[in-house]
Amino acid sequence: MSSIVVNVAIGVLTSVVTGSLVWSWRRVEFLRRKGRYGAFFGLSGAGECVVVIGQQMNNPFGVQRSDVRALVEVASIANDGGPGFQIFQSDQFREGTGGRVEFCIGGPFANNRTAGHIATYLPGAGFTPYRRDQPDSIAIVAGGSEFVREPGLREFVILARVFPSPGARPLFLIAGQTGVTNLAAAHYLRCRFEELRRAYGADRRFCLVLRLDRPDVYGHESVHLASDITATAFAS
């Protein structure tokens, strides 16, 4: 066999071995990430998952466009985690928490289940009442902090992970001042879960206030952490 043929054979064999190793590494990394993903969102195994979405404040039969897009973000999380999901509007779902993973989308004035979750699980946080044309309308409050909406400039949303009882599956709460803030929080949760996982692991609750800067210009991706209010929000 000529040296040229030998060199070609060695080159092909090397490429095959290298390709197999790269594929194996990527497969292992994919499975590890999927495991971290499932653990963080509570989606490992065959458990159920539900998404509860709010309604338009002036139309109980409608859903805001931004909330629909937030639903798509959450649906991507549920699909990547494995078990699939069911969707309900807030007036259609009257079941308890903890037996299934739940994503609840919408502020307390558009989603009555959100209002119940905040009162039950986040007693140290809340929203000021909706008052038309008042500057502090639907401000997020936690302890001595107040996050006041400046329409088009700065808007805020609560993103929380709650475990209703020991061993329960998590409840993810997305409660924003507007539809676009709900979308921003859902996007943040999907895209930055690794950061959140490193900070809170698979079994620690958290409650964050996220800030959306100039959403009229930069859209839902201009979202940043404004404050970690975990200690305050869960204090009774």
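Predicted model: local features only at pLDDT ≥ 70, side-chain atom pairs only at ≥ 80, totals over all residues.

Residues are numbered from 1 along each chain as its sequence is written, and side-chain values use heavy atoms, with hydrogens and water left out.

**Nonpolar cores**

- A nonpolar core is a set of buried Ala, Val, Leu, Ile, Met, Phe, Trp, Tyr and Cys residues joined through side-chain atoms within 4.5 Å; buried means under 20% relative accessible area, exposed over 50%, and partly exposed in between (1.4 Å probe, protein chains only).
- The largest core has 33 residues, and F40, F41, F103, I174, L189, L196 and L210 touch the most other members.
- Helix α4 (residues 179–191) gives the most to this core, with six residues.
- Another core of 26 residues lies apart from it, and F93, A125, I140 and A233 are among its members.
- Beyond its neighbours within four places in sequence, L189 has contacts (heavy atoms within 4.5 Å) that include F40, I77, L159 and F172.

- Most residues other than glycine have a negative phi.
- I138 is not a glycine, yet has a positive phi of about 50 degrees; I138 is buried, with a relative accessible area of 11%.
- R214, also not a glycine, has a positive phi of about 45 degrees; R214 is partly exposed, at 42% relative accessible area.

Terms used: Helix = DSSP H or I, 4+ residues; strand = E, 2+ residues; numbered from the N terminus.
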